[in-house]
Amino acid sequence: MSKTKTHPMARTHEELAALIHRRRQTGKVWQLAFYGATGIAILSLIVLLLNIFNGAFGFVLIQNEVEPADLVASGNLADLDQAGLIAIIEEYQSAGLVRRFNAEKPLANRSERELIDLVEERVVKPVIIQAWSLQDSIFRQNEIRAVAADSDLTTLTFRSWVSWEFVVSPQNPSPQFAGVRTALLGSLWMILIVMVVAFPMGVAAAIYLEEYATKKTWYNRLIEVNIYNLAGIPSIIYGLLGLALFVRGMAPFTSGAMFDPTVDETTNGRTIISAGLTLALLILPLIIINSREALKAIPKSLRESSYAVGATKWQTVWHHVLPASFERVLTGTILAISRAVGETAPLVVVGASTFVTFDPASLFAKFTTMPIQIYQWSARPQSQFRNIAAGAIIVLLILMLSMNAFAIIMRNRIAKERRV
Amino acid sequence: MESNLAMQTKDLDFFYGDFQALFKVSLDFQIKQVTALIGPSGCGKSTLLRCLNRMNDLIPDTKVIGQVSFENVNIYNPEVDPVEIRRRVGMVFQKPNPFPKSIYENIAWGARINGFRGDMDALVETSLKRCALWDEVKGKLRQNALSLSGGQQQRLCIARTIAVEPDVILMDEPTSALDPISTAKIEELILELKERYSIIIVTHNMQQAARVSDQTAFFLNGFIVEVGATKELFANPKEDKTKAYISGQFG
Ligand SMILES: Nc1ncnc2c1ncn2[C@@H]1O[C@H](COP(=O)(O)OP(=O)(O)OP(=O)(O)O)[C@@H](O)[C@H]1O
Ligand SMILES: [Mg+2]
């Protein structure tokens, strides 16, 4: 140890070494904590995905009322011609039913594909009598095969519960035939309404607050504080607001009665438009906050350069500030809309229908959305509903991912345009 | 106000909130001449410059007392439109700040929003030629202006300013971010632009002030210490503080 310290921060070698050692120790602890946090996050994500895939794929045991092999020697319905298929239908179905089919669309005019579908649905009538998870399908294959071999008239196949068929089929009481078409269309309509309503309104409000409002006036301060508070309010409260305001208060409009007096009165205001407006309100504060941050990030120098050539405030905002911040505005908006797509609680309050089989025909139709559908299916006691719930979750995830991908592509395209 | 004055300030006080940055500044800016504003950092040069085209209006909580005359009108009169003032009194900033758009659009935009109806291509060409930039960029007018070098960007900013036909050009340390060659080009440009425009330039570089300006004003803590013909002021400063500053003893 040296006794003559010339500078208050002068240190001996040993002291310095100890200091560095201590600093490294602290660093290591923090590093470990960060790795741990990231690890836990990744692990939970993997568990979540595994859980979903576990339900969405697996062996199913199907029992047919009539074996295809009894209908055609090869066991493959596609080997039959049109006449053969019609003959089967006429043989196995009552005369009254055949008349009804003919009334819908004459059998002779139907394509081979349509006829095969009809035979499958009406004559073969496959019923899933047991379904296994992906995990069981992989690790307990022998047991499953034994069960299948034990029961007569059954076939064991590996089924992907999420398929194109699943995406385009409407809701159905039987999980085997149910699809997400209605819910998917409901969600897409909703996205459209939310985008058309919340995006321009949110950006306009952000422009006002960031560029025009003087921070000094009491009402501007009040608005500002409240927008931040609104962003934190539980979504179910927005549901109650939507119920009072759109479903009840604006019923003549939201039920569509204003435009078409013959409309189905039982829907009241519990329609897509009410749901869309409610969700638009819900994400409005998010869009405003995100857009304001985006505007705030534009440097003063860009604004000044515009003012210096004699531009008005509006010209400056419209031609320079908005384009420069548009990438960020867009990202914020897509994030907010993703949140809206996943909302369930407020829609339950606003009155999402539990069972809709028809495509929403207009803004004033009954609706259901993907999360509502998933919620309902997963609440059903039969295990097969859990399989289709898992399938629906995958569809929802794909929807979200494509929305985000769309945002990224848009952003890159805008960025590229600005660079040339 | 005499007709050979481009602008004039009279007893100008300026406040940022409670902080007073300018005290009783009275200055005449001669028409088609270059006036240099010098002084140590924080003495209020930029503040004065930004008072001359009402750029300070954009900073909240500021106050102006006194007069700034431009064509015999006090630009702080309530009926005067600051937007029009900013077109007539252009500004070039310390850090080159072209619009993040094409080179062409950088020049054309200001003219377009000000209602220019003539031949835009010709305007772009003459503006760039006057700033000695045409030969360097004529092949890439559609490229983003940010792809230019710092010196080219600053000349583009000057071209952008003259494209809207101002009467006065304010320059706030236009070369402080540039290399010596770019600096020399801009100084040369200033001397050429003097033929058509009145120029007011803030600089920390004494040699630059001596090279380009006709008149110099020396500031200290928000006050004018001394003002006069540049040659005279640098050769025999009347005030001790001016002498100390230009000989590099402080600042
Ligand atoms: N936006 C502002 N808000 C509050 N005070 C400011 C602001 N801008 C400048 N000032 C103050 O006003 C005084 C003058 O500033 P100004 O920028 O005019 O100095 P300057 O002479 O241009 O200095 P420099 O040579 O460093 O650019 C300084 O004391 C500064 O702190
Ligand atoms: Mg300055």
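Because the model is predicted, local features are given only at pLDDT of at least 70 and side-chain atom pairs count only at pLDDT 80 or more, while totals for chains, interfaces and linings use all residues. Residues are numbered from 1 along each chain as its sequence is written, chains are lettered from A in the order in which they are written, and side-chain values use heavy atoms, with hydrogens and water left out.

## Where the chains meet

On the side of chain A, 18 residues are in contact with 23 residues of chain B, contact meaning heavy atoms within 4.5 Å. Between them the two chains bury about 1800 Å², of which 60% lies on carbon and sulfur atoms; buried area is the accessible area (1.4 Å probe) that two parts lose on being put together, summed over both. Within the area that chain A buries against chain B, 30% is supplied by A:E304, A:A308 and A:V309, more than by any other three residues.

A:E304 also takes part in a salt bridge, its side chain meeting that of B:R50 at 2.9 Å, N to O. The count of salt bridges between chain A and chain B is 1, the term standing for a side-chain nitrogen of Lys or Arg within 4 Å of a carboxyl oxygen of Asp or Glu. Three helices of chain A, α14 (300–307), α15 (313–342) and α18 (383–419), are the elements that give two or more residues to the side touching chain B, and α14(A) provides the largest share, 6 residues. Helices (H or I, at least four residues) and strands (E, at least two) are DSSP runs, numbered from the N terminus.

## The sheet of chain B

Chain B has an open sheet of 4 strands in the order β2-β1-β4-β5, with antiparallel pairing; two strands pair if DSSP finds at least two bridges between them. The edges are formed by β2 (19–30) and β5 (73–74) of chain B, and each has a single partner strand, so one side of each is left without a neighbour in the sheet. In the hairpin of β1(B) and β2(B), which has 2 residues between the strands, B:G17 takes a positive phi near 60 degrees.

## The sheet of chain A

Chain A has an open sheet of 3 strands, ordered β2-β1-β3 and likewise described by antiparallel pairing, in which the edge strands β2 (127–131) and β3 (154–160) each pair on one side only. From one strand to the next the twist averages 40 degrees; for such angles, axes are lines fitted to C-alpha atoms, for helices over the stretch in contact, and the angles run from 0 to 180 degrees between N-to-C directions.

## Strand pairs and crossing helices

| Antiparallel pair | Bridges | Residue pair |
|---|---|---|
| β1(B) and β4(B) | 8 bridges | B:Y16 and B:T62 |
| β1(B) and β2(B) | 8 bridges | B:F15 and B:Q20 |
| β1(A) and β2(A) | 4 bridges | A:V60 and A:A131 |

Helices also lie across these sheets. In chain B, helix α1 (residues 45–52) lies across β1, β2 and β4, running at about 120 degrees to β1(B). In chain A, helix α1 (residues 13–56) lies across β1 and β3 at about 15 degrees to β1(A), and helix α7 (residues 141–150) lies across β1, β2 and β3 at about 10 degrees to β1(A).
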